[in-house]
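Colleague: I have a model open and want to go through it with you. Can we take it piece by piece?

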Amino acid sequence: MGPRLSVADFCNAADEGAFRARPSPSAAYSSYTIAGAVLASDAQTDCTTMFRSKLNLYEQGRVSENWPAIVAAFERTRYRQTMAPYGNGKGQRWLVPWRTVATYNPQITQGTVLYIPHLRGVRVKLPSGQTVRHDGYFFAADSGSGIKSDHIDFFTGLISPRPNLLPGVDGREKQFAAYVVKNPALTAHMKGLHRMD
């Protein structure tokens, strides 16, 4: 029915929202994205070990996210194959490394272009291996259960090991300015990059 994943890969894919794998040993790599979680169904695997620290924080009352419910959804995740090279964000928009951000939708709606001056000129490594200087522009095309209030999650691609994010914005305690851009040409360009399935 699809590629075989280890427990760790299945659970991490549910957390990330997408993965790449070969549907069979002789096939080329394909991209898969979350199609939903069927909570009334049996669990596909057990993700409690993978997220033990988050579950412990929830039990201690140190985080507000309902990690038992989140992990239960992870375990029941269903995936679908996608033409998007890195999977789909919210509303089936393609995820684009170093361009896509996940945002808290009541605060920053999907389709919003953001400019983060602190990141202009920062060197980033693209999936092709090329290193470039970022121009500071991002596109809100995803959301997530852990994205609340003024938190922004940057999509960096399917890089392993995961890179240290961007200087000055890595971690929950660091704050930075992000401006909404209302330039129709730039918005159209970003929507084109984040095309929809």
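Modeller: Strand E8 (residues 137–142) is largely enclosed by the rest of the structure, because 5 of its 6 residues are buried. Keep in mind that this is a predicted model.

Colleague: How many bridges join strand E5 to E8, and in which sense do they run?

Modeller: Strand E5 (residues 113–115) is joined to E8 by 3 bridges, and the two run antiparallel. Within that pairing, Val113 stands opposite Phe139 in E8.

Colleague: And E4 with E8, parallel or antiparallel?

Modeller: Parallel: strand E4 (residues 100–102) pairs with E8 over 3 bridges. Ala102 has Asp142 as its bridge partner in E8.

Colleague: Changing topic. How many disulfides does the structure hold?

Modeller: The structure holds 1 disulfide. It is formed by Cys11 and Cys47, with the sulfur atoms 2.0 Å apart. The two cysteines are 36 residues apart and link distant parts of the chain: Cys11 is in helix H1 (residues 7–16), while Cys47 is in the loop between strand E2 (30–37) and helix H2 (52–59).

Colleague: Left-handed or right-handed?

Modeller: Left-handed, because the torsion about the S-S bond of Cys11 and Cys47 is about -90 degrees.

Colleague: Are those two cysteines buried or exposed?

Modeller: Cys11 is buried, at a relative accessible area of 0%. Cys47 is buried as well, with a relative accessible area of 0%, where the cut-off for buried is under 20%.

Colleague: What does Cys47 touch?

Modeller: Leaving out residues up to four places away in sequence, Cys47 touches Cys11, Val71, Phe74 and Glu75.

Colleague: Which residues have the most contacts inside the largest nonpolar core?

Modeller: Phe19, Cys47, Phe51, Trp67, Val71, Phe74 and Tyr79, in a core of 15 residues. At least two residues of this core come from each of H1, strand E1 (18–21) and helix H3 (67–75). There is also a second, separate core of 12 residues, which includes Ile108, Leu119, Ile152 and Phe154.

Colleague: Back to E1. What is the strand order in its sheet?

Modeller: The order is E1-E2-E3, in an open sheet of 3 strands with antiparallel pairing. E1 and strand E3 (77–82) stand at the edges with a single partner strand each, so one side of each has no neighbour in the sheet. On average, neighbouring strands of this sheet are turned by 40 degrees against each other, direction ignored.

Colleague: How many bridges between E1 and E2?

Modeller: E1 and E2 pair over 4 bridges, in the antiparallel sense. Arg20, for one, has Ser31 in E2 as its bridge partner.

Colleague: What about H1 relative to that sheet, where does it lie?

Modeller: H1 lies across E1, E2 and E3, and runs at about 75 degrees to E3.

Colleague: Now some arginines. Where is Arg76, and is it buried or exposed?

Modeller: Arg76 is in the loop between H3 and E3. Its relative accessibility is 18%, so Arg76 counts as buried. The cut-off is under 20%.

Colleague: Which residues is Arg76 in contact with?

Modeller: Setting aside neighbours within four places in sequence, Arg76 is in contact with Gly36, Ala37, Val38, Leu39, Ser41, Asp42 and Ala43.

Colleague: Tell me about Ser41 from that list. Where is it found?

Modeller: Ser41 is found in the loop between E2 and H2, and at 17% relative accessibility Ser41 counts as buried. Its side chain reaches the backbone oxygen of Val38 at 2.5 Å. Not counting residues up to four places away in sequence, Ser41 touches Arg76 and Arg78.

Colleague: And Arg133, buried or exposed?

Modeller: Exposed, with a relative accessible area of 56%. Arg133 sits in strand E7 (residues 131–133).

Colleague: What does Arg133 touch, then?

Modeller: Gly121, Val122 and Arg123, with residues up to four places away in sequence not counted. A polar atom of the Arg133 side chain lies 2.7 Å from the backbone oxygen of Gly121.

Colleague: How far are the C-alpha atoms of Arg133 and Leu119 separated?

Modeller: By 9.0 Å, with the two residues 14 apart along the chain. Leu119 is one of the residues in the second core.

Key:
Residues are numbered from 1 along each chain as its sequence is written. This is a predicted model: local features need pLDDT of at least 70, side-chain atom pairs count only at pLDDT 80 or more; totals for chains, interfaces and linings use all residues. Side-chain values use heavy atoms; hydrogens and water are left out. A disulfide is a pair of cysteine sulfur atoms within 2.5 Å. Buried means under 20% relative accessible area, exposed over 50%, partly exposed in between (1.4 Å probe, protein chains only). A nonpolar core is a set of buried Ala, Val, Leu, Ile, Met, Phe, Trp, Tyr and Cys residues joined through side-chain atoms within 4.5 Å. Contact means heavy atoms within 4.5 Å. Two strands pair if DSSP finds at least two bridges between them. Axes are lines fitted to C-alpha atoms, for helices over the stretch in contact, and angles run from 0 to 180 degrees between N-to-C directions. A polar contact is a pair of N or O atoms within 3.5 Å; within protein, one must be able to donate a hydrogen and the other to accept it, and residues adjacent in sequence count only if both atoms are side-chain atoms.
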